Amino acid sequence: MTSLEESVVSALDGYNQTELFPFLPYILQDFWEIGADPVEIIKMIQKHAKKPAHELRVLDLGCGKGAVSIQLASAIGCSCLGIDAVKEFIAFANKKAVERKVSHLCTFEVGDIRLRVNTLHKFDIIILGAIGSVLGNTFDTISAIKRCLKHKGFILIDDGYIPENSNLSHPNASKKSEILAHMEKAGMQLKEEAICQNDDEAAAMHSKEFSHIENRCKELIEEYPDKRSIFENYVSNQKKEYEAIENDFINSLMVIA
Ligand SMILES: C[S@@+](CC[C@H](N)C(=O)[O-])C[C@H]1O[C@@H](n2cnc3c(N)ncnc32)[C@H](O)[C@@H]1O
């Protein structure tokens, strides 16, 4: 198993630059949502949940700053457990849950989800919001988290995949045919998929997000000139990542049961 720092940095597109780990809370300070789309996730849960919302137990793996769990709990009143490896993200999530008056519904903890999934049980819904391949490929991921689900529970995966006719290869993404084959091998199926449109609004948001990252990295370069190359590499990786999101990937939300 790779180190926790490597897992986090890779999931945030820093790949093997583990020196970035302590700087990620600073670089991402302007973000609450760090990838997944809470609005689409709430809609899908409202559509697919088979019991009253206040009885639902939701597990949000790699929850970041809790943007999905907090907005979900606030919208429907379910209970959520969010786990993330970055302690500053969890501190932010706890503060935000109080601010949004859902701290009685949301629990956030610092942990390594690759280990925590072995000890968690009886969740109705598991959310994997833009965590890439933290838990391995789709087969490894579903096999690892299936045991955390209740009978008739379902999984939501919010992530990008590579179109069938593309030659692109990416460390955090596969083609849909491969994802579906892995799902089936792990004993689950795709029940519904929502594709996120790359419209002008999304492009404007990506451009704003990229500027935040670029500006925070510039500030860090001034403060730590000896680490210039790691921050410059991060900005350049992020630029490629946003270009891939807009031009290469299909960004989707999958419901798997
Ligand atoms: C792209 S962010 C998505 C955050 C959140 N789901 C959202 O959409 O706002 C990926 C998250 O996975 C977390 N992560 C990566 N590896 C992890 C691990 N092994 N255990 C716990 N969290 C991890 C990172 O710290 C980061 O917050």
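This is a predicted model: local features need pLDDT of at least 70, side-chain atom pairs count only at pLDDT 80 or more; totals for chains, interfaces and linings use all residues.
## Helices H7 and H8

Helix H7 covers residues 138–145, and helix H8 covers residues 176–185. The two pack at an angle of about 35°. Their axes are 8 Å apart. H7 passes H8 in a right-handed crossing.

Which residues of H7 and H8 meet? On the H7 side they are Thr138, Phe139 and Ile142. On the H8 side they are Ile179, His182, Met183 and Lys185. By class, this contact has 4 nonpolar, 2 polar and 1 charged residues. Two of the contact residues, Phe139 and Lys185, also form a charge–ring arrangement: the charged end of Lys185 sits over the ring of Phe139, 4.3 Å from its centre.

## Aromatic pairs

A pair of aromatic rings is described by the distance of the centres and the angle of the planes. How many aromatic pairs does the whole structure hold? The search finds 3.

One of them joins Phe23 and Phe231. Their ring centres are 5.1 Å apart, with 90° between the planes, and the pair is edge-to-face. Phe23 is in the loop between H1 and H2, while Phe231 is in helix H10 (residues 228–247). The pair links distant parts of the chain, 208 residues apart. Both Phe23 and Phe231 are buried. Ring pairs also tie Phe23 and Phe231 into a cluster with Tyr224.

Phe210 and Tyr242 form another pair. Their ring centres lie 6.4 Å apart and their planes are at 75°, so this pair is edge-to-face. Phe210 belongs to helix H9 (residues 200–223), and Tyr242 belongs to helix H10. They are 32 residues apart in the chain. Phe210 counts as buried because its relative accessibility is 14%, under the 20% cut-off. Tyr242 is buried too, with a relative accessible area of 11%.

## Another charge over a ring

Arg216 and Tyr26 give a further charge–ring arrangement. The charged end of Arg216 sits over the ring of Tyr26, 5.8 Å from its centre.

## Positive phi angles

Most residues other than glycine have a negative phi. Asp13 has a positive phi of about 65°, although it is not a glycine. Asp13 is found in the loop between helix H1 (4–11) and helix H2 (24–27). Is Asp13 buried or exposed? Asp13 counts as buried because its relative accessibility is 13%.

Ala130 also has a positive phi, near 55°. Ala130 lies in the loop between strand S4 (123–129) and H7. Ala130 is partly exposed, with a relative accessible area of 24%.

Definitions and conventions. Residues are numbered from 1 along each chain as its sequence is written. Side-chain values use heavy atoms; hydrogens and water are left out. Axes are lines fitted to C-alpha atoms, for helices over the stretch in contact, and angles run from 0 to 180 degrees between N-to-C directions. Helices (H or I, at least four residues) and strands (E, at least two) are DSSP runs, numbered from the N terminus. A crossing is left-handed if the near helix is turned anticlockwise from the far one by less than a right angle, and right-handed if clockwise. Contact means heavy atoms within 4.5 Å. Ala, Val, Leu, Ile, Met, Phe, Trp, Tyr, Cys and Pro count as nonpolar, Asp, Glu, Lys and Arg as charged, and the others, Gly among them, as polar. Buried means under 20% relative accessible area, exposed over 50%, partly exposed in between (1.4 Å probe, protein chains only). Rings of Phe, Tyr and Trp (its six-membered ring) pair if their centres lie within 6.5 Å; planes under 30 degrees apart count as stacked, over 60 as edge-to-face and the rest as tilted. A charge sits over a ring if NZ of Lys or CZ of Arg is within 6 Å of the ring centre and within 35 degrees of the ring normal.
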